[in-house]
Amino acid sequence: MLNILIVGNGQCGNRILDAINREAFGKKSRLAKFYSQQKYKSNVQTIAINTAVNDLKEMKFTKAKDRIHIPHLHGVGANRNVGKHVFEENRTHIMRQIEERGNFDVCFVLTSASGGTGSSFTPMLVKELKERFDYPVYAVVVLPFREEGTLYLQNAAFCLRDVRESGVDGIILADNQFLKQMGGNVESAYNGINDMIAKRLLFLLDALDSEMMMVTDLGDFKTVMNGGAGLATIGFYEAETDMPVRSAIQKALSPSGLLFSSDVYKEASRAMVIIRGDKEHLSIDEISTEVEKLSSAVGHVFKGIIVRNGELPQVLAVLTLESASELEDLYSIAVDAIKYERDKKERVATVKDVDRAFSQIDGMDPSY
Amino acid sequence: MIRVTRLLVISLCMVFFCLALTGNAAAVEIYNGSITMGDGYQLNNFVIDVTDAFPSAESASFYVYENGDEVDSFLINEGDSYEFDFEDDAEVEVSLISVSSGTLPVVRLSIVVNNYRVSDLFESTIIDGGHEYATYSGTPELEIIKSVDKSEINVGEVVRVTVTVENTGDDDAVDVVFSDPQQAKFILVDNILGDPGKIDVEDGDSVKKIYVYDLKATEAGTFSLNPVTASFTNEAGLDFDDTSSNSPTVIVNAGEDLVNADLEFTTTLDKYTVSRNDEIQGTVTIKNNGDAPATAVTVDFIIPDGLEFQGGSGIEVISSVPTIYLESFGVQQEKEFTFSLKAAEVGTYTLSMENSYLFDNGVDTQLEEVSSESVTNKIYVVKGEYDYLFEQPIYVYAIPLIIIGAIVGWIYHRHKQYKF
């Protein structure tokens with residue numbers, strides 16, 4: 001049994017973590033926690049960290065003892081410098097909380113790249129984890145909508161760089177901009193994205209600790225994540241009735257199945273494909289054909305098959321990327337955003353229109 | 001044989017002792033002493049005068065008087081006796097014991113009464129001066145007449161009652177006490193001549209009025225007025241049996257002026273078979289069918305155990321008794337009161353109502369009070385729909401409660417786990 005630690009940083013990380021814990025109950029009901037047990041195959045410990053207490057209170061399926069509030073007003077206000085300072089001040093407290101949970105085989109840190117607490121805490125937390133422990137640490141980083149604002153874009157750019165430089169063993173990207181295609185209002189879109197990430201991670205955790213017809217394990221996952229540029233994404237598809245497994249694999253590898261926009265046949269470096277379902281639906285020939293097709297494009301592909309009676313085929317693909325054109329587009333927009341913010345700050349410093357307005361009453365007193 | 005003899009002896013002994021104790025046939029010495037010549041000795045209405053005493057001749061002569069009339073005389077010597085007839089079959093034996101001289105000669109006598117009950121002697125004493133100074137006991141006879149001025153009247157009319165007394169005996173009636181019991185169905189409206197108290201009614205007196213009063217008839221019918229009785233003694237203090245008057249009859253016809261309030265109390269329920277814990281709606285209807293208004297109309301609900309009074313319009317609970325009270329209730333007036341009962345326990349019940357009211361019948365000075373009781377049909381309270389739940393063994397309740405408790409505990413535990 002694997003010992004797995006999942007840390008959710010900031011509002012986005014907390015919500016994805018709560019979605020994972022909810023999915024682990026196997027029920028969609030809000031009351032599932034009262035009558036059901038979480039169905040983790042592994043020993044999964046979850047920790048939510050946030051400076052905003054309200055974000056922690058919103059969590060419904062994560063135990064109170066697993067929610068760590070770092071007191072600093074009600075958040076760091078999307079200011080990564082403040083966030084870093086707060087983490088420094090609370091480093092001992094945070095790390096003691098993690099140490100008390102014991103030793104682990106793997107750790108996932110969930111965060112948004114654009115917010116305040118998550119984007120500033122995650123690189124420093126990963127660095128601390130890597131320095132103190134010897135288990136691999138993977139970051140699941142959610143990129144912002146491009147229209148969310150310049151501060152978020154520049155936070156995303158710097159956060160992603162900081163995480164990559166923190167010694168993390170791999171970054172799994174999820175892109176809100178890409179995932180918003182699912183439509184709906186903002187809240188349902190966010191919830192949907194969180195659910196998608198949660199479902200994929202749970203599938204991955206389940207697969208890493210399951211007996212398989214064809215084996216993929218944590219070692220394979222590490223090998224996949226070591227490939228490429230250290231960036232990865234996850235594709236997933238759950239087949240509908242009578243859909244051949246071949247089509248399910250294709251759907252999982254298509255942009256509609258991925259968390260981050262990519263042409264996996266061109267940009268992927270290594271891959272792991274895990275297929276789960278009733279053996280009646282799992283055609284080895286079809287699976288082999290599709291995996292060979294992928295491996296001919298990206299190189300090595302780890303393949304795992306989990307037989308579950310009565311289940312329709314579900315396919316999870318972990319893909320590390322050599323290049324990511326979408327990420328380059330993001331950074332070019334981020335650079336513009338950084339320049340815009342800098343220019344605006346300089347303008348405000350030099351013009352001081354408000355000071356001019358106040359100067360008009362210099363030397364005058366009110367008369368009553 | 002020996003047994004029969006013994007029984008006979010014992011019986012004879014008992015008869016002897018009984019006769020001896022009664023004193024009927026025994027000779028009893030009434031007096032043994034001295035009497036001066038010229039004096040006498042009185043036994044009831046008999047007086048034995050010592051007429052002459054002769055010390056030298058050791059003899060004395062005696063005269064016997066009854067009620068002052070001489071009935072016998074005799075001369076006897078010392079040691080001799082003489083008997084004369086007394087009351088009934090009794091005889092008096094006078095024995096001369098001695099004669100002694102003095103200023104006036106004195107005789108010593110023994111007076112014995114035979115065949116006489118001593119307790120019947122009301123007088124036994126020496127009479128100074130002899131029979132002329134004796135007091136004789138007579139027999140007063142009182143004739144008490146109770147009369148009415150009218151023998152037939154209507155209800156509400158007055159009859160005058162007069163009671164007279166006359167002594168037709170040969171002695172005064174002393175300490176006469178009259179008693180005239182209160183007359184039912186009549187009320188005393190005027191007492192013209194009241195109770196005279198203790199009086200004497202002398203023989204030869206004219207007829208004397210004792211009572212004169214007016215009675216008002218309150219109810220139709222034929223009534224014999226209660227007799228007046230009198231107790232008295234004669235002048236000698238001898239008690240006589242009570243004497244009663246006649247009982248005049250008065251016929252009382254129903255008058256046209258009499259009015260009545262006639263209240264009809266009806267209690268109805270909406271159902272007579274109910275499940276436990278169900279409610280029963282009831283109505284009390286009061287209607288005055290009479291020709292006089294009623295006052296102080298009261299209906300007390302006698303609620304049996306097993307039914308609970310829930311409330312009602314115009315019904316107050318006084319000392320735990322639901323009560324309807326109406327100060328007045330007019331002629332031909334009708335009023336309804338609704339109430340509700342709760343069937344608390346399984347069983348068969350009846351609901352009783354104690355009804356009462358007052359009215360003025362136009363005749364009596366006091367209000368007429370009418371009381372009645374009404375009872376509803378039987379009310380059957382059967383088991384409620386969920387009563388079986390309370391009849392199960394304890395484990396039937398305990399197990400679900402334990403399970404519910406465990407679930408609640410678990411939910412609370414989980415709530416605490418996830419409450420931040």
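How many residues lie between S3(B) and S4(B) in their hairpin? The hairpin has 4 residues between the two strands, and Glu58(B) in the turn has a positive phi of about 50 degrees. This is a predicted model, in which local features need pLDDT of at least 70 and side-chain atom pairs count only at pLDDT 80 or more, while totals for chains, interfaces and linings use all residues. Residues are numbered from 1 along each chain as its sequence is written, and chains are lettered from A and ligands numbered from 1 in the order in which they are written.

Strands here (E, at least two residues) and helices (H or I, at least four) are DSSP runs, numbered from the N terminus. Two strands pair if DSSP finds at least two bridges between them. S3 (residues 46-54) and S4 (residues 59-66) of chain B are antiparallel and share 8 bridges; within this pair, Asp52(B) stands opposite Ser61(B). S4(B) also runs antiparallel to S5 (residues 69-77) of chain B, again over 8 bridges. There Ala60(B) faces Ile76(B). The hairpin of S4(B) and S5(B) has 2 residues between its strands, and Asn67(B) in the turn takes a positive phi of about 50 degrees.

Chain B also has an open antiparallel sheet of 4 strands, in the order S10-S12-S16-S14. Strands S10 (142-148) and S14 (186-193) are at the edges with a single partner strand each, so one side of each lacks a neighbour in the sheet. S10(B) is joined to S12 (residues 158-167) by 7 bridges, and Lys146(B) stands opposite Val163(B).

Chain A contains 14 helices and 10 strands. Of its 368 residues, 47% are buried, a term that requires 20 or more other C-beta atoms within 10 Å of the residue's own, with C-beta atoms placed from the backbone (12 or fewer is exposed, and in between is partly exposed). Helix H9 (residues 218-226) of chain A has Asp220(A), Phe221(A), Val224(A) and Met225(A) as its buried residues. Seen down the helix axis, they fall within an arc of 135 degrees, so they line one face of H9(A); the arc is that of the directions from the axis to the C-beta atoms. Just after this helix, Gly228(A) has a positive phi of about 65 degrees.

Finally, the two chains meet. Residues are in contact if their C-beta atoms, placed from the backbone, lie within 7 Å. Chain A gives 9 residues to the contact and chain B gives 6. Helices H2 (32-35) and H3 (53-58) of chain A each supply at least two residues of the side that touches chain B.

Methods. Two residues are in contact if their C-beta atoms, placed from the backbone, lie within 7 Å.
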